[in-house]
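Hi,

Here is the structure I promised to pass on to you. Please have a look at it, and then read on for what turned up.

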Amino acid sequence: MPIEILPEKVIGQIAAGEVVERPASVIKELVENAVDAGARTIQVQIRDGGRRLMRVSDDGCGILSDEVSLAFARHATSKLRTIDDLMAIRTLGFRGEALSSIAAVSHLVLVTRSVDETVGTQVRIEGGTVIQQQSIGAPAGTIITVENLFYNTPARLKFMKQESTEKRQISGVVTRYALAYPHIRFVLEQDSREIFRTSGSGQLADVVVTALGLDTFRQMIVVDSEESARGNHPAVGVYGYTSLPTLNRNDRSRIMIFVNGRAIQDTNLTFAVTQAYHGLMPSGRHPIAVLMLDIATDLVDVNVHPTKAEVRFQNSDAVFTAVQRAVRRAIVSAANVPDFASSMTSYDVDQWAAPGTRWLSQADGEPIEGDAGYLSDELFDDDDPTAIPVGPGAPSRPRTMPMLRVVGQVGATYIVAEGPVGLYLLDQHAAHHRILYEQFMDDLSSKQPIARQTVDGQTFDVPPREARLIEQNLDALKQMGLVVEIFGTNTFIVRALPAILADADAVDVLASLMGEFDPRESAESLTDRLAIRLTAYAAVKSGQVLNMDEMQAIVRRLERSPTPLTSPDGHPTLIHMSNEQLAREFSRSR
Ligand code: ADP
Ligand code: MG
C-alpha cells in the first residue's frame, strides 16, 4: 500500500481505542464528566453488561447549546487551556478525548441543558457522525446514552469479556467514584434493577458501608494522618479506612487508592499498604483498604496515560512512606484497643524503620510508668525457666497490654486471665505463635545463627518437583536452623532442626513447609512464610494442658509484643471483656 494520511474518521476510531477499552471505560469517562460538571446526583444505567446500552445522567452544569457540537470534537475541553494548567488540575478530565472517542465507536445520544439556558439540546451521533441535532425541553444537566458500543470496530467487539465480567468492572468503577465523592449521590441500575445507591451524605463511612457491607466496615480502622513536609518531602494527607489484620484476602483487588479524588492503579502504593501489615498477616494475604491521598497538584503528574488511571509522583518514595506509615499507625493504634488503659500503650511511631527494613524490630522503649497500681513487674522474673520456650523476654520493650494475672485454662485451649479492666481470654496457640514468631524474626534479623539442635540423620524421599524446590532452598532453610543435605536423587537427610522444634519429627516439619515454596517469590517473603509456618509448628497446640507457670510465661511475653492482638497468620490472640460488659451481661447496674 502506498503511504497515505488517514481520513479523520479512521484517526478518530484508532484514537478511541486508547480511551475506550471496554464498557467500563465509557462509564468511567462519563461519570468523570458528571463529577466535573458539579453533579449532586449521578445515575448510571446499563443493559447487558453495557454492550447494549449505557446511560449516565447528571444534574450538573450542562453544556451551552452552541458548545454542544464542540464537546464532541477531538481535543475539545473546557478544563484546560495551557500545559501549565496541568500542574494545578483539579478536574478529572483535561484531555478532551472522551466524548469524541466514545462517539466514534458507538451510537450516542446526548441531551443536555446548561443551567444558564432555558432550552436544552439533543444530539444524535453514529460512529462519529452527527445524525441529528435539535432543541429540546430538558432539566438542567446532562444525559448521555451510549448504545451498540464497538459496533464499527469488530476487533474490539470480539475482545469484549463475558457479560458478568463487564458488569463487575462497571460496578467497580461506580463504587470507586462513589467512595471518592461521598457528597454525590450515585445510583447504579443494571437491567432495570437498582444494585447500588449511595446517599450523598458526604460521609465516607456511609459509602464504605454501602460498598463493602456493614460486616466488613465493622472490621475497618480509620486512617487519618497528615505527614508533614520534611526537607524536600511533600506533605501527603492519607485518610480513609483499612482492615484489621484479621480481615484479609488472597488478592489485592480490595485495596483502593485515590489521589486527589482520582481512583488510581499503583502497584507500588498497593504494596505499601500490604507492607504496613508485615508480621501481622501472612505474606500472600492482603488487607481491604480505601485510602484517599491528598497531595499538592504540582507534585503529581496526572497526564501519564489516556485512561488517566495512573499518576506519577514527583517523589514516589515519600508518598510510599507516607502511605505505609499512615496505615501502620492506624493498625498499631487499633491494636492498643481502647479498653486498655492508655498509659500502658507506648509505641514510638517515629522509630519505625524505612521501607524495606523490618518493621517489628522495635526500638527499645522506657519501661512504662503509671501501671504500678496493678500487679507490679517484680512479681515476674523474665528469666524464669519454664517448660514452654517463650524466649529470653524483652524487658526493655514497652508493654503494649496491661499486665494480666492468669486465672486458669479452659478446654486445654484458652487461657483465662484477669486484667485491670476486665476479663481476658487468650487463644494459647495463637498467642504463643505470636511470641515465637517475633522471637524468631528478631534472631534472624540480629544475624545470630538460629539455635539449632542436631538430629539423628533421618532420610526422606520426595517427588521430583518438591525435591527441586528443596534443593533450591537449602540455604534459606539452613538460615532458619533447618539443615538438610542432599542424600541421593530426590532423597534428603535432615541434620539439624531449629531448637524450638527440637521435639518435632523432622520429616513432618519439612512436609509442612513444602506448600510454602513458591519459585516466583522473593527471598524475604519466603523467609517470612517459613518463619510463620515453623513457629506455628513449634507453638503449643490447642488441647495441650498447661500449668500456671507456662501460661503466665506466655501472657508475660505477649504483654511486650508490639502487636499482641493477632498471630502472625492473622488469627486473634485474645478477647477482652470489660468490667462494664460483664456488669451488663449480668444485668448489674453500676
Ligand atoms: P474532558 O473531560 O477531558 O474535558 P471530554 O471529551 O470528556 O473531555 O468532554 C469534553 C467537554 O464536554 C468537557 O470539557 C465539558 O466541557 C463538556 N462535558 C462533557 N460531559 C459533560 C457533562 N456531563 N456536563 C457538562 N459538561 C460536559
Ligand atoms: Mg472527560
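Let me start with the ligand: a backbone N or O atom of R95 lies 3.1 Å from an oxygen atom of ligand 1. Please keep in mind that this is a predicted model. G96 also takes part through its backbone, with an N or O atom 2.8 Å from an oxygen atom of ligand 1. T142 uses its side chain instead: an N or O atom there is 3.3 Å from a nitrogen atom of the ligand. Altogether, 18 residues surround ligand 1, and the closest are N33, T77, S78, K79 and G96.

The axes of α6 (residues 163-180) and α7 (residues 204-212) are 8 Å apart, at an angle of about 160°. Angles over 145 degrees count as roughly antiparallel, so that is how α6 and α7 are described. The crossing of α6 past α7 is left-handed. On the α6 side the contact is made by T175, A178 and L179, and on the α7 side by L204, V207, V208 and A211. Sorted by class, that makes six nonpolar residues, one polar residue and no charged ones.

How do α9 and α10 lie relative to each other, roughly parallel or roughly antiparallel? Helix α9 (residues 267-275) and helix α10 (residues 316-335) cross at roughly 30°, and their axes come within 8 Å. Since angles under 35 degrees count as roughly parallel, α9 and α10 are therefore roughly parallel. Here α9 passes α10 in a right-handed crossing. From α9, the residues in contact are N268, L269, F271, A272, V273 and Q275, while α10 brings V319, F320, V323, Q324 and V327. The classes are eight nonpolar, three polar and no charged residues.

The last pair is α11 (residues 428-445) with α16 (residues 548-558), where the axes are 9 Å apart and the packing angle is about 60°. That angle makes α11 and α16 oblique to each other. The crossing of α11 past α16 is left-handed. In α11, the residues A431, H432, R434, I435 and Q439 meet I554, R557 and L558 of α16. This contact has four nonpolar, two polar and two charged residues.

Best wishes

Terms used:
Residues numbered from 1 in each chain as written. Chains lettered and ligands numbered in written order. Predicted model: local features only at pLDDT ≥ 70, side-chain atom pairs only at ≥ 80, totals over all residues. Heavy atoms only, no water. Axes fitted to C-alpha atoms, helices over the stretch in contact; angles between N-to-C directions. Helix = DSSP H or I, 4+ residues; strand = E, 2+ residues; numbered from the N terminus. Parallel < 35°, antiparallel > 145°, perpendicular 65-115°, else oblique. Left-handed = near helix turned anticlockwise from the far one by under 90°. Contact = heavy atoms within 4.5 Å. Nonpolar A, V, L, I, M, F, W, Y, C, P; charged D, E, K, R; others polar. Near = heavy atom within 4 Å. Polar contact = N/O pair within 3.5 Å; in protein donor to acceptor, adjacent residues only side chain to side chain.
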